[in-house]
Amino acid sequence: MLGFSVALQPGVLWYAVLGCVVGTLVGVLPGIGPLAGISILLPVTYGLDATKAIVMLAGIYYGSQYGGSTTSILMRIPGEASSVMTCIDGYAMAQKGRAGAALCIAAVGSFIAGTFGVIMLTLVAPPLANFALRFGPPEYTALLVLGLIFLAYMSSTSLVRTLLMASVGLLLGTIGIDVMTGHFRYSFDIKELGDGIGIVPVAVGLFGLGEILSRASKDATGQVIRPKLRELLPSREEWRQSRMPIARGTVLGFLIGIVPGSAHIISSFLSYAIEKRISKHPEEFGKGAVAGVAGPESANNSASTGAFVPMLALGIPTGPVTAVLIAALMLHGIPAGPTLVNDHPQVFWGFVASMYVGNLVLLALNLPLVGMFVNLLRIRYYYLYPLIIMFCIIGVYEVNNSIIDVWIMLIMGVAGYLLRKFDFDPAPLVLGLVITPTFELSLRQSLVMSSGDWFIFFQRPISATLFACSAILLLLAAYSMISRRDWRAKLAEVDAADKG
Amino acid sequence: MILRRDHIAGAAFVAAGIVVLAVSQDLPIGRLASPGAGMLPVLITSLMILLGLVVMLQAGSSPPLAEVSWHDLPHAAKLTAVAAVTASLYNTLGFVISMALMLFVLVYIVERRNLFAALAFSIPIPLATYAAFEYLLKTPLERGLLWF
Amino acid sequence: MDRRHFVIGSTATAATLAAGPSFGQAAYPSQPVMLINPFPPGGAADVVGRPFAAAIEPLLKQSVKIETKAGAAGAVGAQFAATAKPDGYTLLLHIVSISGFAEADRINGRQPKFTLDDFIPIARFTSGPVALYTNDQSPYKSLKELVEDCKKNPDKLIFSSSGIYGALHLPAQLFLQAAGIKMKHLPTNGGGPALTALLGNNSQILASSVAAASGQAKAGKVRALAYYGNKRLASMPDVPTMKELGYDIEFYLWVGLFAPKGTPAEVVNKLREESRKAVASDPFKQSIANIGDEVAYLDQADFAKFLEADAKRVEGAVRQIGKLQS
């Protein structure tokens, strides 16, 4: 209760709201991700006390996760890697005139996921954090292998095409300096490539620009969708369809989020794969399935809350954003570590309580904005698409202030156009790109730890369990291939039997 | 035999894979117990070539190449060219000028809207965006030739 | 910002270009100054650079902005600054590892893209203490126990680092070399992940900045075995220095300010002067104290002298690490 008495002080409350507003802005505007947003505002907090500072900065972080879905749904520009999946069905919904519904469901899903994340944070932070710490390189490797196998499952259409796209992504992911040995790979003396190809330029190019290139303006001018105001809210049917995906995405995202490292990006991909796999209408995915928005959006929000668990309970960063938050605490003279909750309870509980408040604020902020954002679609396409190109360029450039990234985006835009012509789905490419660095690093770190003994993956309980899950999935796949019967069909039958 | 869409698509990946293998020559492969910098790229590339071949083999079920519609190609090429010119001028001209030019060219020349509308569209928007980034977000966009 | 300004602005710029460099010499600084931070936000250069930017802004009467150009353990940002126009509007914040890049390139048969000679040192701000840590699951209470065990069982223990040739790899390597012992190296992609590996017992040894490990040390999760300074640190009086233990090693995670070579002398002098005032200001000192560091200011002459000695140490460590294994 100390938390709420801190969080509801007018001063703290004001900074929580301010953080959420800035976060929404940061999320909606392409170009500044949460990391840049927080670093920019860090100096502003020097004059504040530590509680206000951290409450505001954290607000920017989780606020940006809410806002990130907006450009994905309206313009098919993924603000960051975690919104790539939202682009697919979110944009398809917008094309059908259901942009309002998609935005609403994304906001509500985010709210539920965020709130669930905070509740879990309040209740079980310390034991969970200790569990998360047991994720060393072998466990990472196992988790990512499981992710890859899920990815193969995503392909209810063509396994070969999905794997081909994933392998292109994996290959792109190996560009840059090899962390283990320091070798430069495929960087052709371009120093910006030393750190690898960014996810944002690739995702924005493939999805945002690729979409524009494959839509000649004369095709589109006639059929601008003018959403009617009364159709802004999701229908009852849409709510029903998103209930379970939100729940599943929330739990999944939280579990992945607490693992230190950058693996939380895969939460939205995994959620999408699961929803598509267990859906009774997998053919609707890609054409505007509500579940394809609800699941991934919830997953990415609860992952961002989950990321606070190791940070608050143990003082270890789960990614670049939490690293900046820890630095911010240190700048205010508060060392982040396991003793934070005892030494500075007002900071710890104030922070946690402010997240309850923050999630409410974000919901209240985002729902009315839906109406405003949807109006963007009223702009005639021949004015809208030049704007989208402009935002793609700023968005990509501002991440690293690098014009090379803009070129990468342009190349990827052309690639996206061609892939579309030849009927390839670019999403697995992005996933491959996201996981390669972590996958390769953790695989090789594991082998360093075990002096080259591959059994390390089966000796450690968590990694052994994850590998066992992968094996079961593979067996299931093999079984359904042999018996020529999709287990999904069976699941549907069982489901039907349950209901009947 | 009819040349089908997936023949081309598969062949493109196979060709790309061979190029990648060729430029990976200098990367150490290492051993299975301690993979070198080159191992993963080589494995992935091999997989890519293999999958490319499978796509070619299964091409029978894909539509013939001639049926793929390219009607949007001229438009796409124009946009790509405009964006590429913008990207190459971005650092010199700065955000406001290069974006204003790009929006103007796209609306006036590519889309053939009237001059006044194009001007009214392409000048205020980059200025407003610039101001928003400069003052609200405190991340100045590239200034280039502008002097304020 | 209306159109009139826009037009005037453009013509003014054109005039400047035509008039040549005379404008730049008017009165430095006449436009915002950009500090390149070559590490990810929250890294060592960032937490020192931001308070510094805030402190020097009112002195220069111009805005001072931090621009992050992270990548390749700080090489990308350094290279960017090395090739920037030497007009005093692009400056570089960098840390100890700046001295190692050229050497690492040389021993791997690559042409160094920049060397220390491409920069003019302006000031050193801090000199962050570094210590050798182990975690609470390892039995070692002293450096002696550690060395003895490693001599008996080479390659049993694992040390984590912030990346190959990185700022945390160098001090660990110096120690291993001096003690004549061997450990396996677990490179990660930053100071944070390296510390996480230590906490999760995926590595047992880490040379870390005292500031980054202080929270964990307080909770007893990690234990300092030896300190890399030349005398004991006030905040941890029980930890002996490497020198006391018989290893002639010193290592500091210093943060300093550089200008590209060719920057006019009067600009450099202006920066030196204002940096000195900024570093002496109370808000800056307070911010640095908060991150568990203390201001260890050196002016250009002393910094250059220090840098020369430090570069020798760093290059030595890089050579000891040797060529990249293949």
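## Confidence in the model

In chain C, helix H1 (residues 3-19) has the lowest confidence, with a mean of 38, while strand E8 (residues 222-227) of chain C has the highest, at 92. Keep in mind as you look around that this is a predicted model.

Taken as a whole, chain C has a mean pLDDT of 82, and 90% of its residues reach 70 or more. For the complex, the predictor reports an ipTM of 0.90 together with a pTM of 0.77.

Let us turn to chain A. Its secondary structure consists of 23 helices and 2 strands. The chain has 500 residues, and 65% of them count as buried. If you take the contacts in chain A with a separation of 6 or more, 79% are between residues 24 or more positions apart.

The contact between chains A and B draws on 42 residues from chain A and 47 residues from chain B. Which helices of chain A each supply at least two residues to the side that touches chain B? They are helix H3 (34-41), helix H8 (159-173), helix H9 (199-213), helix H18 (381-400), helix H19 (403-421) and helix H20 (427-449) of chain A. By residue type, this side of chain A divides into 28 nonpolar, 8 polar and 6 charged.

## Two domains in chain B

For chain B, the domain assignment gives domain 1 (5-67) and domain 2 (73-136). Taken over C-alpha atoms, the centres of these two domains of chain B are separated by 38 Å.

## Chain C and its domains

Chain C holds 11 helices and 10 strands. Of its 326 residues, 54% are buried. Among the contacts in chain C that link residues at least 6 apart in sequence, 76% join residues at least 24 apart.

This chain, too, is divided into domains: domain 1 (33-127 + 252-321) and domain 2 (129-227) of chain C. Their C-alpha centres lie 26 Å apart. Domain 1 of chain C brings 18 residues to the contact between them, and domain 2 of chain C brings 15 residues. On the side of domain 1 that touches domain 2, the elements giving two or more residues are strand E9 (252-260) and helix H11 (300-321) of chain C. H11(C) gives the most to that side, with 5 residues. The residues on this side of domain 1 of chain C comprise 13 nonpolar, 4 polar and 1 charged.

## A closer look at helix H5 of chain C

Helix H5 of chain C spans residues 143-152. Which of its residues are buried? Leu143(C), Leu146(C), Val147(C) and Cys150(C) are. Looking down the axis of H5(C), you will find these buried residues within an arc of 95 degrees, so they line one face of the helix.

What covers the buried residues of H5(C)? The cover includes strand E4 (119-135), helix H6 (169-179) and E8 of chain C. E8 of chain C is also the strand with which this report opened, where confidence in the chain is highest.

Conventions
Residues numbered from 1 in each chain as written. Chains lettered and ligands numbered in written order. Predicted model: local features only at pLDDT ≥ 70, side-chain atom pairs only at ≥ 80, totals over all residues. pLDDT = per-residue confidence, 0-100. Helix = DSSP H or I, 4+ residues; strand = E, 2+ residues; numbered from the N terminus. Buried ≥ 20, exposed ≤ 12 C-beta atoms within 10 Å, placed from the backbone. Contact = placed C-beta atoms within 7 Å. Domains from an automatic or database assignment. Nonpolar A, V, L, I, M, F, W, Y, C, P; charged D, E, K, R; others polar. Arc of directions from axis to C-beta.
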